[in-house]
Amino acid sequence: MPGLREAGVDCWLITGGAGFIGCHFVRAALREPSRRVVVLDKLTYAGNKLNLSDVSGDSRFTFVEGDIADGALVEKLLAEHTPSAVVNFAAESHVDRSIDGPRNFVATNVVGTFELLEAMRRRHPAVRFVHVSTDEVYGALGDDGSFLESTPYAPNSPYAATKAAADHLVRAYARTYGLSAVITNGSNTYGPYQFPEKLIPLTILNALDGRPLPIYGDGLYVRDWLHVEDHVAGILAALDRGKAGERYNIGGGNERTNLALVDMICGALESIVPSGKRPYRELKTHVVDRSAHDRRYAVDSKKARRELGWAPSREFAAGLAETVRWYVENRAWVDAVQAKAQYTRERLGA
């Protein structure tokens, strides 16, 4: 349907659109009536068509199962759909899994990004491209300060290292080949449709099932939390107003220790589904720490606020409570995605 673009219908190619942040971005993209969306997703354990069930019947939505590392397929989609923008969410993203098996992270995050860039260079070098990355590429902070876009990269996990490598490739292709590429480095993101291996959904679901709530080490690791809808708004702003070759930090400004976060989740659960005799907080269990665990992340988003006109809008306690309620009310989704992945919320990366 390449002729639709000439008829006034814009098209975006979204890779990894069946994943957590990607599925929210797809919905946001389709809010524009004159836009088509093509999703390319490998449907790994964390990608699921259920995440897009509410838009799957839209005539402007096309789903293609495939790998961004398949350069021929990507080039074919670029030729057929002539998108005006490509947004790359496709990535292996869980630090613990990268400790257990880094090969898949190299294959998708590095080689996959390379093949995607190569296809764009050959087919549509002028197409707007946003590469969605993470604040973990910067490494760890001490008690003070925040990551700036000028902070040197110092990744400490295989996951972070592969995302850093991908970022460098994107920057190099923008400089060398003139690709209209922008990088966003987002802080820890939370919200509906996040696979249950991540801290917030894992804590919610384990608490509901009366299972231990694992706390790595002393639990005083600090993360900056960003609601997924705010993250999506930041990526949209970067797509629309970001300068080619630049990167933008997208942070929530909500620093919490893991211990404090788990307590907030337990408090929200008590108000929605009271635990009864044993408070959810009593399920907290300290476990052996993650290897090379970064002590603190905090993101300075002044550049995004200044140049993109973006700022987060979700108050953290309210956003977290909404997220807790979503998982309480969507156990069928949880059961389905866990069954597909053969995941039973076991400890990974030990």
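Analyst: F195 is buried, with a relative accessible area of 5%, and Y343 is buried too, at 4%; buried means under 20% relative accessible area, exposed over 50%, and partly exposed in between (1.4 Å probe, protein chains only). This is a predicted model, in which local features need pLDDT of at least 70 and side-chain atom pairs count only at pLDDT 80 or more, while totals for chains, interfaces and linings use all residues. Residues are numbered from 1 along each chain as its sequence is written, and side-chain values use heavy atoms, leaving out hydrogens and water.

Rings of Phe, Tyr and Trp (its six-membered ring) pair if their centres lie within 6.5 Å, and planes under 30 degrees apart count as stacked, over 60 as edge-to-face and the rest as tilted. By this rule there are 15 aromatic pairs. In one of them, the centres of Y173 and Y177 lie 4.8 Å apart with the planes at 55°, so this pair is tilted. Y173 is buried, with 7% relative accessibility, whereas Y177 is partly exposed at 39%. F195 and Y343 also form a tilted pair, with 5.3 Å from centre to centre and 40° between the planes. F195 lies in the loop between β7 (188-190) and α7 (199-208) and Y343 in the segment after α12 (331-341), so their pair ties together parts 148 residues apart in sequence; helices (H or I, at least four residues) and strands (E, at least two) are DSSP runs, numbered from the N terminus.

Elsewhere, ring pairs join Y138, F147, Y153 and Y297 into a cluster.
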